[in-house]
Amino acid sequence: MSTLTAPMPSSALDQDWKKVLRWGLICGGALIALCLVGMPVELDRREIIERYLSLGYVSVVLVPIAIGWVSASQVVLEGFESRKQGLFDLVTGLVVGVIGGGLLSLLMVALDSWNLRDPLVNWSPKLFRFLTYENGMGFGAGAWIVTCGVLGLAGASLHVMPRAVRRIVGIVTLGLLSLSVLEEAVSDVSEGFGLEWLTDLIYAKKGGLTLTSTIVVGAVMVVIAALTNGRVKAVTNRYRDMEGVERQKASIILFAVVAVLCIVLPMFLGKIMNELLANVGLFLLLALGLNIVVGLAGLLDLGYVAFFAVGGYTTAVLTSPNSPWFAPELHFGFSLIFVVIFAIIVGLVIGAPVIRMRGDYLAIVTLGFGEIIRLLFMSDWLGPYFGGAQGITNVPGVDLGFATVKGTDPRSVFYLVLFFCVIAIYVSWRLQASRLGRAWMAIREDEQVAEAMGINTVSAKLMAFVVGAVLAAFSGAVLVAKVGSVFPTSFMILISIIILVVVIVGGMGNIAGVMVGSFVLIGVLGGPKQPGLLQEFQNFKLLIYGMLLVFMMLKRPEGLVPSARRSRELHQDEFLQDAWLKGDKPGIDDDADDEDAAPVPVGDGGGEEE
Amino acid sequence: MSETSSTNGATALLEFRQVNTHYGAVHILKDVDLAIYPGELVCLLGGNASGKSTTLKTLLGMVTPTSGEVVLDGEVVNDKPTSYRVINGVTMVPENRRLFKRLSVKENLELGAYLRNDKDGIAEDLEKIYDLFPRVKERLSQKSGTLSGGEQQMVAIGRALMSRPRVLLMDEPSMGLAPALVQQNFELIQQIHADGMAIFMVEQNANMALSIADRGWVLQTGRVVLDDTADALMANPELRASYLGEG
């Protein structure tokens, strides 16, 4: 048994300088871009640790740490013995950080010497003061070079420290950071549970953690991290290894826990959190619908917001007394029938002409239709019917007899949204496993062959459009009942794009993925107009969305939650590899258990020469 | 044309009578006559852009002829959709196999039986396919795009067989396969044929195709220029010159 050895560096300075330089430049570029976007200055007001650290500095500081970590990570080649990481990698991180800090200093010099404020809005004395700690150029430059070097080193050192320590450092850093950033949400939740005294103790009056509480909470987290070390992974691994009935049971328990949480938790939450959950639900409903259109049937619909608008306007016209042309003032529940009918009609009207197009063409045409619908609602021509730019106001809430669902009571809105989401999840789940669902997947994979199999591709695709349209229209109806008014500007193209990002980031064609995606994006980052947990990042939301999308496409194209099918396949690949290794190279097999005696279940190498 | 243009007394399973097709204004098939009889193995030869793929698409109803008749079991099916023809026993194995790559092998096979509702029959046919291709059975839950070329060909044929066809249309079955697999593939086709399946094969590999076929046609720029038994075609000097690389 001979294992190949990767080329070893003879000393810590025997670096791949080209690579180091490249990462250094990336680090510097990222730092400069971040500064010029204005993030540090704007976030400087927000304290993380009272008087010592602001969110602005945190946003800058994270860059060299992250890039230090990435630059020092080694590619583990299959069949090669991996190198033990040590001084060599620390030097990499250090140099990368120093280069990054140097470039940042250059920015400072430039800030001092020229005024480029005209094209670059954030090229301001404020940024200069931020970067120099108001201590002058020389101090600032020196400080950043040293700091970035140390941070790069810190990032690289994560590779060197033992796994358990790394885990504790990670948990404590992330824990403290999120505890501080999510101050508002944490306060809101603790209020609901009657724990105000605790939050008063942790947070400073002006916001941010106090130094003492940072140390205390940090220590508590170290203990928790140390105690749970390895347990979480064991549990998830056990879940993953389960099969058949056992797994089903575990899934049902998991589902029940989530369901109970969804019903019980909002009762303890304050307005802000309930509002946030309601927004997550509204977008989840949209995302579930788009998931059917894009994820299952493979039709890239960029004008999805049109159906959202149709649902909203139908509800507004039918329930509001202020509807300019026709105001039957129906009950919300009754108007839903018409919401469904109009969603189907519009789905068919938009779907029928575009359904024969493929890929990019379909995307562009639907993009156009999405805008057309919005512009129609805005137009003077339809103004007398839909109120034009003034929209329709005074939409009543949903009168349920025992309670009224309206925007001032976000908890009730959440429950209403939850109701629709449960329907949507059930429908998606049933459809996925149905004949129609299989036809959609076949069309997504190869439309022509699907047609040759006898699948009526036109009607299957129209069905996808219609089902998606109805779910989006439900979401629109609830939105209007929640907000109490409807305007054309609520249905910008941005919504279509954000929902698509939710679906892609979560995991296309996968219900759990879409749920996670909408929680992470809409809940944490916030929707187009809805604030998320990270309210401070409001202005940089789209930037983060974009970065996240690029990152996901490069590193994890299957989404945050890969579908069950996919993880099964990944497992199978590993299994096949193991079987192959066992079959052909018995020397490598070191865990000699009873499986050895059994014949190799699936032979990959055996049949090739038939 | 006579009502049942038969060479051996039986009714043709699938037939072209003076078929013409157009893509837009372009004339593709020109007065094509074809007939496939039950249990036959026939092949259609022709170079690039001679109309081979259009012939298949017209047989399957994905292209509608501008004139002439497509006849299935004595019934003119010009206006019937693909699904009608699949239900009545016509299925295609597409060129380059074209499996649903991100779906599992099992799902691919099940999609072949998309139009069938008889659960027991489907299960029975699945078993038959596992018997025919034991290796397919080993890979049921694997994504079909990860299979080797030879295995993909098996799944493609299996998928087509799942609709319980009476005639199998094969578009360039040897294209994109390694030479060793081409031979294996033709043996497979013969094996399926031996079970009584009528096979209509479109091929560029004329030598190989004619060696296993009963009859054949040669298509040139949309017109049938030769229509004879396989042996006669093999011996035809013109064909040998243009397709078999001799001359």
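At what angle do the axes of helix α14 (residues 305–319) and helix α16 (residues 359–378) of chain A cross? The views below are taken from a predicted model.

**View 1. Helices α14 and α16 of chain A.** The axes of α14(A) and α16(A) cross at roughly 30° and come within 8 Å of each other. Because angles under 35 degrees count as roughly parallel, α14(A) is roughly parallel to α16(A). On the α14(A) side the contact is made by Val305(A), Ala306(A), Ala309(A) and Tyr313(A). Phe369(A), Gly370(A), Ile373(A), Arg374(A) and Phe377(A) make the contact from α16(A). Sorted by class, this contact has seven nonpolar residues, one polar and one charged.

**View 2**

View 3. Strand β5 (residues 41–46) of chain B runs parallel to strand β11 (residues 215–220) of chain B, and five bridges join the two. Within this pair, Gly216(B) of β11(B) stands opposite Cys43(B).

**View 4. The contact between chains A and B.** Chain B gives 23 residues to the contact and chain A gives 18 residues. On the side of chain B that touches chain A, at least two residues each come from α2 (82–87), α3 (105–112) and α5 (134–138) of chain B. The largest share of that side, four residues, is supplied by α2(B). By class, the side of chain B that touches chain A has eleven nonpolar, seven charged and five polar residues.

**View 5. Nonpolar cores.** The largest nonpolar core has 180 residues, of which Leu285(A), Ile499(A) and Ile36(B) touch the most other members. Helix α13 (residues 271–296) of chain A provides the largest share of this core, 17 residues. Leaving out residues up to four places away in sequence, Ile499(A) touches Phe283(A), Leu286(A), Ala287(A), Leu290(A) and Tyr304(A). Another core, of 30 residues, lies apart from the largest one and has Leu31(A), Leu107(A), Leu151(A) and Leu153(A) among its members.

Notes:
Residues numbered from 1 in each chain as written. Chains lettered and ligands numbered in written order. Predicted model: local features only at pLDDT ≥ 70, side-chain atom pairs only at ≥ 80, totals over all residues. Contact = placed C-beta atoms within 7 Å. Nonpolar A, V, L, I, M, F, W, Y, C, P; charged D, E, K, R; others polar. Axes fitted to C-alpha atoms, helices over the stretch in contact; angles between N-to-C directions. Parallel < 35°, antiparallel > 145°, perpendicular 65-115°, else oblique. Pairing = 2+ DSSP bridges. Core = buried A, V, L, I, M, F, W, Y, C linked by C-beta atoms within 7 Å. Buried ≥ 20, exposed ≤ 12 C-beta atoms within 10 Å, placed from the backbone.
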